[in-house]
Amino acid sequence: MAQHKYRFITIPASHYVEKARWALDLGGVPYTESKWPPVLHMLGSTAGLNRQSVPVLLTPDGKRLTDSTDILHHVAVNYTAGAHLYPTSCREEVERLEASFSKRLGVFTRVVA
C-alpha cells in the first residue's frame, strides 16, 4: 500500500524551514517539498492558507501546520523515530530552549539575513 505523502512548503535559507526539515527527516516522514523563492512564496505557495510565512506542512488528512515548532510536535507524536525530539527525561527543558532560540536567536537571524 502506498504511503500518503505530506506537502512541505519552503523557501531556501530559512532556519525555521531547516528545523522542520530536520525533524521530518529524523522522523522518517514521507513528504514532497514545494520550494519557492523568497517573496514569490507569498503569491503562490501559501495561497488560501492565510499565511505569508513558511514552513507550512500540509498533512495527508488535510491539516495545515504553519509553525516549525508545531511541525516538530506533530512528528514527535505521530512517528516513533520522532519521539527523540522531546525526550521524556528533559522535555520541559528542551521546549524552553526551543522557544528561547525561536524567539531570540531566530528573530535576530532573520534580521541579519
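Colleague: Which pattern does the protein chain follow, read along the sequence?

Modeller: The model is a predicted one. Its protein chain has four helices and four strands. Read along the sequence, these elements follow the pattern β-α-β-α-β-β-α-α.

Colleague: What share of the contacts in the protein chain with a separation of 6 or more comes from residues 24 or more positions apart?

Modeller: The protein chain has 113 residues, and buried residues make up 37% of them. Among contacts with a separation of 6 or more, residues 24 or more positions apart account for 59%.

Colleague: How do helix H1 and helix H3 pack, and is H1 roughly parallel or roughly antiparallel to H3?

Modeller: Two packed helices are described by the angle between their axes and the distance between the axes. For H1 (residues 15-27) and H3 (residues 68-78), the axes are 9 Å apart and the angle is about 5 degrees.

Colleague: Which residues in H1 meet H3, and how many residues of each class does the contact have?

Modeller: From H1, the residues are Tyr 16, Lys 19, Ala 20, Ala 23, Leu 24 and Gly 27; they meet Ser 68, Thr 69, Ile 71, Leu 72 and Val 75 in H3. By class, the contact of H1 with H3 has one charged, three polar and seven nonpolar residues.

Colleague: Is Lys 19 buried or exposed?

Modeller: Lys 19 has its place in helix H1. Leaving aside neighbours within four places in sequence, Lys 19 is in contact with Ser 68, Thr 69, Leu 72, Glu 98 and Ser 102. Its relative accessibility is 19%, and the cut-off for a buried residue is under 20%. Lys 19 therefore counts as buried.

Colleague: At the start of H3, which backbone nitrogen does a side-chain oxygen of Asp 67 reach?

Modeller: Several residues in H3 are buried, among them Ser 68, Ile 71 and His 74. At the start of this helix, a side-chain oxygen of Asp 67 comes to within 2.9 Å of a backbone nitrogen, that of Thr 69.

Colleague: With which side chain does the side chain of Arg 21 make a polar contact?

Modeller: Arg 21 has its place in helix H1 and is buried, with a relative accessible area of 15%. Not counting residues up to four places away in sequence, Arg 21 touches Phe 8, Thr 10, Tyr 31 and Glu 33. Its side chain makes a polar contact, at 2.3 Å, with the side chain of Glu 18.

Colleague: What is the phi of Ala 13?

Modeller: Ala 13 is found in the loop between S1 and H1. Ala 13 is exposed, with a relative accessible area of 82%. Phi of Ala 13 is positive, in a residue other than glycine, and is near 55 degrees.

Conventions
Residues numbered from 1 in each chain as written. Predicted model: local features only at pLDDT ≥ 70, side-chain atom pairs only at ≥ 80, totals over all residues. Heavy atoms only, no water. Axes fitted to C-alpha atoms, helices over the stretch in contact; angles between N-to-C directions. Helix = DSSP H or I, 4+ residues; strand = E, 2+ residues; numbered from the N terminus. Contact = heavy atoms within 4.5 Å. Nonpolar A, V, L, I, M, F, W, Y, C, P; charged D, E, K, R; others polar. Buried < 20%, exposed > 50% of the residue type's maximum accessible area, 1.4 Å probe, protein only. Polar contact = N/O pair within 3.5 Å; in protein donor to acceptor, adjacent residues only side chain to side chain.
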